[in-house]
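Q: Please take one part of this model and examine it closely, residue by residue. Which side chains pack together there, and how are the charged groups placed around them?

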Amino acid sequence: ALVVRQVRRVVSELDEIGKKADAIGLTTDALQELRTVAEEAGVSQEALDNSMMQFSRRLGEARQGLGQARYALDDMNLSAEELAQMPLDQALQTVADEMVKVEDATSRTALAQQLFGRSGVPMLNLLREGAAGMEAMRQNARDLGIVIDEDLIRKAEETENKLGLLTRVINADLSEALINIAPLLVGVANGIAAIASTVNYM
């Protein structure tokens, strides 16, 4: 049972990586690498994921001339059109290179909020080393073997889906079985109650 629980836990963790990467618009390798960089920078996994979701959405808006991010990109002389055509992790590193050029802390904070939302200020810790620093930490994650191959993650997603379906089937079968034997259980319970009542009157 312990081994089964451990396998299910690992499968669930890999499944989460795959689904979150798809939701954000990153490859599974890029998400894992960025999560490692974020951890080293003191940025929580949740904060990173949420900020990247916001970054992706806001780049799309800026490309259409909408949203707050367009002002931040203009201030850093970056093209929303060009960034939107890059893989999202490369767009982030391009922003990082421009962000380190901003000397005023208040201005950096304002830019981070415009690009990543109100909760995106911690991303400044991740961006502070620029693209080269981020790439070095990402390479370190690859070298350490922290990054799990995408094929394995996709297999885990498939396995998780099958396990989820199997669990629903088992629960349905169990529910049907309990409903079918419910009258018998009620009869047994009534019989025991009657015996107990008789014993009490003796």
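A: Beyond its neighbours within four places in sequence, S51 is in contact with F116, S119, G120 and M123, contact meaning heavy atoms within 4.5 Å. The model is predicted, so local features need pLDDT of at least 70 and side-chain atom pairs count only at pLDDT 80 or more, while totals for chains, interfaces and linings use all residues. Residues are numbered from 1 along each chain as its sequence is written, and side-chain values use heavy atoms, with hydrogens and water left out.

S51 lies in helix α3 (residues 45-63); helices here are DSSP runs (H or I, at least four residues), numbered from the N terminus. With 1% relative accessibility, S51 counts as buried. The classes are buried, under 20% relative accessible area; exposed, over 50%; and partly exposed, in between (1.4 Å probe, protein chains only).

The largest nonpolar core comprises 45 residues, and M52, F55, L73, L92, L115 and L126 have the most contacts inside it. Such a core is a set of buried Ala, Val, Leu, Ile, Met, Phe, Trp, Tyr and Cys residues joined through side-chain atoms within 4.5 Å. For L92, the contacts beyond four places in sequence are L34, M52, F55, F116, M123, L126, L127 and M134.

Two residues in that list, F55 and F116, also bear on the aromatic pairs. The rule pairs rings of Phe, Tyr and Trp (its six-membered ring) whose centres lie within 6.5 Å; planes under 30 degrees apart are stacked, over 60 edge-to-face, and the rest tilted. By this rule there is one aromatic pair. The ring centres of F55 and F116 are 5.2 Å apart and their planes meet at 40 degrees, so the pair is tilted. It links distant parts of the chain, with F55 in helix α3 and F116 in helix α7 (residues 105-116), 61 residues apart. Both F55 and F116 are buried.

Nine of the twelve residues of α6 are buried, so this helix is largely enclosed by the rest of the structure. The buried residues are L88, D89, A91, L92, Q93, V95, A96, E98 and M99. At 1.5 Å a residue, α6 should span 16 Å, and its end C-alpha atoms are 16 Å apart, which agrees; the expected span is 1.5 Å times one less than the number of residues.

G130, A131, G133, M134, M137, R138 and A141 are buried in α9. These residues cover an arc of only 165 degrees around the axis, which puts them on the same side of α9; the arc is that of the directions from the helix axis to the C-beta atoms. On the other side of α9, A132 and D143 are exposed. The cover over the buried residues of α9 includes α2 (28-40), α6 (88-99) and α8 (123-127). After α9 comes G145, whose phi is positive, near 80 degrees.

R138 belongs to α9 and, at 5% relative accessibility, counts as buried. Leaving aside neighbours within four places in sequence, R138 is in contact with A30, E33, L34, V37, D89 and Q93.

A salt bridge is a side-chain nitrogen of Lys or Arg within 4 Å of a carboxyl oxygen of Asp or Glu, and the whole structure holds twelve. One of them joins the side chains of R35 and D49 (2.7 Å, N to O). This pair links distant parts of the chain, R35 being in helix α2 and D49 in helix α3, 14 residues apart. R35 and D49 are both buried.

A further salt bridge joins K101 and E98 (3.1 Å, N to O). E98 is among the buried residues of α6, whereas K101 is exposed, with a relative accessible area of 57%.

Terms used: Helix = DSSP H or I, 4+ residues; strand = E, 2+ residues; numbered from the N terminus.
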